[in-house]
Amino acid sequence: MLVLGIETSCDETSVAVVKDGTEVLSSVQHSQVKFHEKYGGVVPELGARMHVENIGHVYNSALETADISYKNIDLVAVTTEPGLAPALNCGVAFAKGLSASLRKPLVKINHIMAHAYSLYLKQALPTPKKYPIVVLTVSGGHTQLSIFESPTECKVVGRTVDDSAGECFDKVARMLNLGYPGGPAIEKAAIEGDEFAVDFPRPMLNSGDYNFSFSGLKTAVLYHIRDTLKVFNPAISEDYTSEIERFATYDIAASLQSAIVDVLVEKSIDLAKEMKITQLGIAGGVSANTKLREIAIRRGSESGIDVFFPELKYCTDNAAMVAGLGYHCVK
Ligand code: KG4
Ligand code: ZN
């Protein structure tokens with residue numbers, strides 16, 4: 001069965017063709033990151049306009065790369081929630097038109113469920129073999145811990161009570177003038193920094209539940225920056241050079257990354273242990289983070305838990321995960 005997937009929930013216009021739920025024949029993206037960069041974040045109305053402009057050629061290129069005709073499409077799958085409404089509407093309108101003209105069924109896909117399913121796409125990295133699996137979905141919009149019994153059945157056990165982990169990366173990167181999107185920028189700066197330099201809080205690490213909170217951490221970083229970086233605090237001593245400031249910035253990035261990773265990994269491992277589930281998957285944009293991958297794999301192996309990640313191209317928003325999950329919605 002060939003499923004055409006469409007994803008426009010945020011700043012990626014993506015169309016993919018996936019065979020029988022796992023074999024990705026094509027996954028084409030048009031990224032708006034360069035465009036939104038100058039605003040320091042996604043501007044929904046402008047983003048929606050760009051989806052409208054680009055979705056036609058992204059669709060044509062997905063068919064071409066997969067080497068199929070539109071006549072071969074058996075099913076259309078589209079992300080309908082959650083996401084930015086003007087952006088989602090564009091993909092949904094395109095999908096509805098396509099489904100009607102091809103006379104093929106249309107399935108609605110939840111974006112967070114699709115991120116979790118990205119773990120099961122055929123790829124170079126090992127994929128989980130079976131269910132159940134604990135999945136941490138961690139992106140710009142969400143931080144959620146769930147137990148999956150199948151691609152389409154899950155129980156949400158915890159989520160953030162305020163900001164998502166990705167949002168915390170993005171907002172701190174903005175405070176530090178490191179650019180957008182913040183996650184990759186913080187990761188790059190952190191390579192040069194000392195993760196033990198600043199002892200940022202590990203919010204809700206011992207809260208006794210599986211919820212998260214990142215808003216207080218973001219504020220802790222803001223206060224630290226105001227107190228220590230000259231760019232915010234001109235009263236700081238004269239011999240404070242831009243070189244010192246640069247390294248202070250790297251240290252903040254490394255310490256923040258370490259605080260976020262500690263909380264995400266410990267809570268996920270705790271849940272897997274409590275439920276006696278030996279598989280943990282981490283998906284969504286933040287799962288591209290190298291430090292998160294290293295620590296999760298290390299903590300998993302200490303606890304007898306196999307830890308899985310999507311390939312980097314399936315961590316951030318993509319339509320392959322949407323098409324893959326679409327297959328399981330009609331089976
Ligand atoms: O899944 P995604 O592409 O979009 C949403 O569904 O929100 O995730 C985007 C988020 C952004 O917050 C971005 O900063 C973060 O994922 N991200 C990262 C990395 N790459 C992307 N965070 C940390 N480290 C990374 N390497
Ligand atoms: Zn996403």
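Helices (H or I, at least four residues) and strands (E, at least two) are DSSP runs, numbered from the N terminus. This is a predicted model, in which local features need pLDDT of at least 70 and side-chain atom pairs count only at pLDDT 80 or more, while totals for chains, interfaces and linings use all residues. Residues are numbered from 1 along each chain as its sequence is written, chains are lettered from A and ligands numbered from 1 in the order in which they are written, and side-chain values use heavy atoms, with hydrogens and water left out.

**Stop one: the cis prolines.** Select Pro181, found in the loop between α5 and α6. Now jump to Pro132, in the loop between α4 and β6 (133-138). Tyr131 and Pro132 are also joined by a cis bond, omega about 5°. Most peptide bonds are trans, and most residues other than glycine have a negative phi. With that in mind, click on Asp67: not a glycine, yet its phi is positive, about 60°. Look for Asp67 in the loop between α2 (44-66) and β4 (75-81).

**Stop two: the zinc.** Which protein atoms hold ligand 2, the zinc ion, as donors? Show His111 (NE2), His115 (NE2) and Asp317 (OD), which lie 2.0 to 2.1 Å from the zinc ion. Donors here are N, O and S atoms within 2.8 Å of the metal (3.2 Å for Na, K and Ca); water is not among the atoms, so sites may look incomplete. Along the chain, the spacing reads H-x3-H-x201-D. His115 is in helix α4 and Asp317 in the loop between β10 (306-308) and α10 (320-330), so this pair ties together parts 202 residues apart in sequence.

**Stop three: ligand 1.** Next, show Ser139, whose polar side-chain atom lies 3.4 Å from a ligand 1 oxygen, and Gly140, with a polar backbone atom 2.9 Å from an oxygen of ligand 1.

Finally, color the shell around ligand 1 by element: α4 (111-117), α5 (165-175) and α6 (182-191) each give two or more residues. The largest share, four residues, comes from α6.

Technical notes. A polar contact is a pair of N or O atoms within 3.5 Å; within protein, one must be able to donate a hydrogen and the other to accept it, and residues adjacent in sequence count only if both atoms are side-chain atoms.
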